[in-house]
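Q: Hi! Could you walk me through this structure and its ligand?
A: Happy to, let's bring it up.

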Amino acid sequence: MSLICLVYVSLANQSMSDEHLKDMLKKARANNEKHDITGMLLFRDGFFMQALEGEEDLVVALFNKIAQDSRHRDVMLVYKKPIKERSFSQWTMGFNKIDNETLDCMDGFCDFMQKPTPEFFMERASEAEALLNEFKHQIFL
Ligand SMILES: Cc1cc2nc3c(=O)[nH]c(=O)nc-3n(C[C@H](O)[C@H](O)[C@H](O)COP(=O)(O)O)c2cc1C
């Protein structure tokens, strides 16, 4: 059993309404539960960041599938690393939509979440990890 955490960023291809997001999450959670995959998805203004945790083969297979999904593009791996324990063990896929109000109360993250781009996070794995951890306490949906 080798647990990993994989984080990627991407840009939405279509405008993602709350209905679209809810529908996508419902299917993702059912599938993740079957494969014992946990994690979190952040969404802001057409930008996605997702952490996937679980057995390496299963996480990599899921990431490859997600990367082909036509609902987003510019899918970029930020990091993939072995972990001893899960950070998002309670969530088959936690979700948070970061709006302007949320940004107001986030110390230190405002600047780079004003206009997030995949390129920005590519070289900033530790910022990506910190951002995901910040949202662990504010998961909804
Ligand atoms: C941003 C984003 C995140 C996604 N996250 C997941 C996920 O965590 N789990 C999952 O099963 N599918 C996720 N999907 C959907 C997959 O790309 C794919 O549509 C889904 O696994 C169904 O595949 P299937 O039709 O081969 O069963 C995500 C899609 C996008 C665009």
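A: Let's begin with one contact: in this predicted model, a polar side-chain atom of N32 lies 2.8 Å from a nitrogen atom of the ligand.

Q: And what about N31, how far is its polar side-chain atom from an oxygen atom of the ligand?
A: That distance is 2.6 Å for N31. K65 also brings a polar side-chain atom to an oxygen atom of the ligand, at 3.4 Å.

Q: Which pocket does the ligand sit in?
A: The ligand sits in the largest pocket.

Q: Which elements give two or more residues to the shell around the ligand?
A: Those are α1 (18–34), β3 (47–55) and α2 (56–67). The largest share comes from α1, with 4 residues.

Q: How many residues surround the ligand, and which are the closest?
A: There are 15 residues around the ligand, and the closest are N31, N32, Q50, K65 and D69.

Q: What kinds of residues make up that shell, nonpolar, polar or charged?
A: The shell has 8 nonpolar residues, 4 polar ones and 3 charged ones.

Q: New topic: aromatic rings. How many aromatic pairs are there?
A: The count comes to 5 aromatic pairs, taking ring centres within 6.5 Å as a pair. One of them joins Y8 and F63, with 5.5 Å from centre to centre and 40° between the planes.

Q: Why is the Y8 and F63 pair called tilted?
A: Planes under 30 degrees apart count as stacked and planes over 60 as edge-to-face, so the pair with 40° between its planes counts as tilted.

Q: Where in the chain do Y8 and F63 sit?
A: Y8 is in strand β1 (residues 3–12) and F63 is in helix α2. They are 55 residues apart, and the pair links distant parts of the chain.

How values were computed
Residues numbered from 1 in each chain as written. Predicted model: local features only at pLDDT ≥ 70, side-chain atom pairs only at ≥ 80, totals over all residues. Heavy atoms only, no water. Near = heavy atom within 4 Å. Polar contact = N/O pair within 3.5 Å; in protein donor to acceptor, adjacent residues only side chain to side chain. 1 Å grid on protein atoms, 1.4 Å probe; cavity = no way out; pocket = protein on both sides within 12 Å on 5 of 7 lines; lining within 4 Å. Sits in = over half its atoms within 2 Å of the grid points. Nonpolar A, V, L, I, M, F, W, Y, C, P; charged D, E, K, R; others polar. Phe/Tyr/Trp six-rings, centres within 6.5 Å; stacked < 30°, edge-to-face > 60°.
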